[in-house]
Amino acid sequence: MLETNIERVLKEIAAGNDRGEAITLVAATKTVPADIINRAVECGVKIVAENRVQEFREKYPLIRGAVHHFIGHLQTNKVKYLIGKVALIQSVDSVNLANVISEEAAKKGALQDILVEVNIGGELSKSGFTPENTEEAVKEISALPRLRVKGLMAMLPKTEDERLKIDLCTKLRGIYDRLKAEGCPFEHLSIGMSEDYTTAIRCGSNMIRLGSALFGKRS
C-alpha cells in the first residue's frame with residue numbers, strides 16, 4: 001500500500017501547480033515508525049517532517065537519506081533541538097519564536113530557513129499570523145540575523161465548502177506573490193494536506209504535507 005500511495009501521489013503532482021511550479025512533497029510522519037519512514041524514502045520520498053519535537057528527537061538518528069522539516073507547533077524551549085538538524089521549520093507562528101530561532105542559530109553558527117505560518121481561516125484553534133498582519137510580520141522576521149524566510153505555510157479549515165478553500169488559497173497566494181515581488185527570497189507556499197492537497201495545488205500551493213494519503217489512516 002505504501003509504495004502504491006507514494007507512486008500515485010508523485011504522478012499526481014508531476015505536472016506542477018497552476019503556475020507551472022514544481023510541487024514539493026513533504027511526508028508528515030507523526031506516529032509513523034522509523035522503519036516505515038525509511039521504506040517511504042526508498043520509494044521516492046525525499047523530505048520527512050514531524051509535528052512533535054520529542055518524536056523528532058527519537059526518530060532522527062534512525063532515518064536514512066531524508067531531508068527533515070518540522071511542521072508542528074513549536075515551543076521556544078525546544079527550538080535548540082532542531083537547529084542544525086532540520087532544513088526548514090515551517091511553523092513559525094510568532095515574532096517571539098522567530099527571535100528564539102535566530103538566537104539559537106547564532107549560538108550554533110547555523111543559518112536556519114523558516115516559513116511564516118498564517119492562520120488563513122481565522123480559526124481560534126490554530127496559531128499563526130492573520131492574513132492582515134502577515135506582510136508586516138514577514139518583514140520584521142526577515143530582519144533577524146541567521147534566519148531566511150523562504151515562504152508561507154497554512155492549514156485550510158476542515159470544511160466541505162470547496163469555494164471557501166479555493167478563496168483562502170488564492171488569498172494567501174496573493175500575499176506570497178506580493179512579498180516575493182518586493183524581494184523576499186520566497187520559494188515555498190506550503191498549503192495542502194491529505195484531505196485538501198489537490199485543491200491547494202490548483203490554487204497556487206507548491207508544497208504539500210501528506211500523512212494519511214501516504215501512510216494510511218492513523219490508528
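**Strands and crossovers**

Strand β6, helix α6 and strand β7 form a right-handed β-α-β unit, with α6 covering residues 162-181. Keep in mind that this is a predicted model. In that unit, β6 and β7, the latter at residues 188-190, pair in the parallel sense over three bridges.

Now go back along the chain. Strand β5, helix α5 at residues 131-142, and β6 make a right-handed β-α-β unit. Here the pairing of β5 with β6 is parallel and runs over six bridges. For a reference point, V118 has A154 in β6 as its bridge partner.

So how enclosed is β6, at residues 147-154? Seven of its eight residues are buried, so the strand is largely enclosed by the rest of the structure.

E117 lies in β5, which spans residues 112-118. Which side chain of opposite charge is nearest to E117? It is R209, 7.0 Å away. A salt bridge here would need a nitrogen of the arginine within 4 Å of a carboxyl oxygen, and E117 has no salt bridge, although it is buried.

What does E117 touch, then, leaving aside its neighbours within four places in sequence? The contacts are Q90, S91, V92 and D93, then S127, G128 and F129, and finally M153 and M155.

That is what I have.

Methods: Residues numbered from 1 in each chain as written. Predicted model: local features only at pLDDT ≥ 70, side-chain atom pairs only at ≥ 80, totals over all residues. Heavy atoms only, no water. Helix = DSSP H or I, 4+ residues; strand = E, 2+ residues; numbered from the N terminus. Buried < 20%, exposed > 50% of the residue type's maximum accessible area, 1.4 Å probe, protein only. Lys, Arg positive; Asp, Glu negative; His and termini not counted. Contact = heavy atoms within 4.5 Å. Pairing = 2+ DSSP bridges. Right-handed = clockwise from strand over helix to strand, strands pointing away.
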